[in-house]
Amino acid sequence: QLEFLVKHAEALLNASRTVLGSTLTNSLVKYTFFRHFCAGENSADMKPVIHMLEQNNIGPILDYAAESEGGKDDDAISDREDGIFTQPPFNQPARVYDYK
C-alpha cells in the first residue's frame, strides 16, 4: 500500500542506499518518483517538459520547494500577518504549510 511506503520512506531509502549505494538509489528515485512529479532540476531540464505541455494546451505551474529539517536555524523565521514567512539569508517570502 502507498501508506506503508509514505510512512516508511526514509527507512526504505536508507536501506536502499545501504544495499544499492547512494548513486543507484538516487538515480532510481530521480527517474521514477521525481520525474512523475517534477519537470526537472533546472531550466534546461524543464524546457522540453514545458514545451510538451504547451503543445497539449496545458499551462505549467512552476514552483520552488525548499524543505527545512527544523531546529535552531528556524528561529530566524519571521511571520507576517498574511501567513507569508521570510527567512534569512536570502529573505525570500514563502508560504509555510503544516502537513502534520
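**Helix packing and local geometry in the predicted chain**

Serine 16 is found in helix 2, where helices (H or I, at least four residues) and strands (E, at least two) are DSSP runs numbered from the N terminus. The model is a predicted one, in which local features need pLDDT of at least 70 and side-chain atom pairs count only at pLDDT 80 or more, whereas totals for chains, interfaces and linings use all residues. Residues are numbered from 1 along each chain as its sequence is written, and side-chain values use heavy atoms, with hydrogens and water left out.

When neighbours within four places in sequence are left aside, serine 16 is in contact with Gly21 and Thr25, contact meaning heavy atoms within 4.5 Å. Apart from neighbours within four places in sequence, threonine 25 is in contact with Leu13, Ser16, Arg17 and Leu20. The side chain of threonine 25 also reaches the backbone nitrogen of arginine 17 at 3.4 Å; such a polar contact is a pair of N or O atoms within 3.5 Å, of which, within protein, one must be able to donate a hydrogen and the other to accept it, and residues adjacent in sequence count only if both atoms are side-chain atoms.

These residues belong to the packing of two helices. Two packed helices are described by the angle between their axes and the distance between the axes. For helix 2 (residues 9-20) and helix 3 (residues 22-37), the axes come within 7 Å and cross at roughly 130°, the axes being lines fitted to C-alpha atoms, for helices over the stretch in contact, with angles running from 0 to 180 degrees between N-to-C directions. Helix 2 is therefore oblique to helix 3, given that angles under 35 degrees count as roughly parallel, over 145 as roughly antiparallel, 65 to 115 as roughly perpendicular and the rest as oblique. On the side of helix 2, Leu13, Ser16, Arg17 and Leu20 take part, and they meet Ser22, Leu24, Thr25, Asn26, Leu28 and Val29 in helix 3. By class, this contact has 5 nonpolar, 4 polar and 1 charged residues, where Ala, Val, Leu, Ile, Met, Phe, Trp, Tyr, Cys and Pro count as nonpolar, Asp, Glu, Lys and Arg as charged, and the others, Gly among them, as polar.

The 12 residues of helix 2 should span 16 Å at 1.5 Å a residue, and the end C-alpha atoms are 16 Å apart, which agrees; the expected span is 1.5 Å times one less than the number of residues. Helix 2 is followed by glycine 21, whose phi is positive, near 95°. Asparagine 14, also in helix 2, is partly exposed at a relative accessible area of 39%, and its C-alpha atom is separated by 9.1 Å from that of threonine 25, 11 residues apart along the chain. In helix 3, lysine 30 is partly exposed, with a relative accessible area of 28%, and touches Arg35 and Glu41 when residues up to four places away in sequence are not counted. The C-alpha atoms of lysine 30 and glutamate 41 are separated by 9.9 Å.

Helix 4 (residues 43-55) has 13 residues and reaches 18 Å from its first C-alpha to its last, close to the 18 Å expected at 1.5 Å a residue. At the start of helix 4, a side-chain oxygen of asparagine 42 reaches to within 3.1 Å of the backbone nitrogen of alanine 44. Helix 4 is followed by asparagine 57, whose phi near 55° is a positive value in a residue other than glycine. Asparagine 57 lies in the loop between helix 4 and strand 1 and counts as exposed at 76% relative accessibility. Leucine 62 has its place in the loop between helix 4 and strand 1 (78-79) and counts as exposed at 58% relative accessibility. Leaving aside neighbours within four places in sequence, leucine 62 is in contact with Met46 and Ile50, and its C-alpha atom is separated by 9.5 Å from that of methionine 46, 16 residues apart along the chain.

Over the chain, the secondary structure comes to 4 helices and 3 strands, which run α-α-α-α-β-β-β from the N terminus on. Buried residues make up 5% of the 100 residues, and residues 24 or more positions apart account for 0% of the contacts with a separation of 6 or more.

Conventions: Buried < 20%, exposed > 50% of the residue type's maximum accessible area, 1.4 Å probe, protein only.
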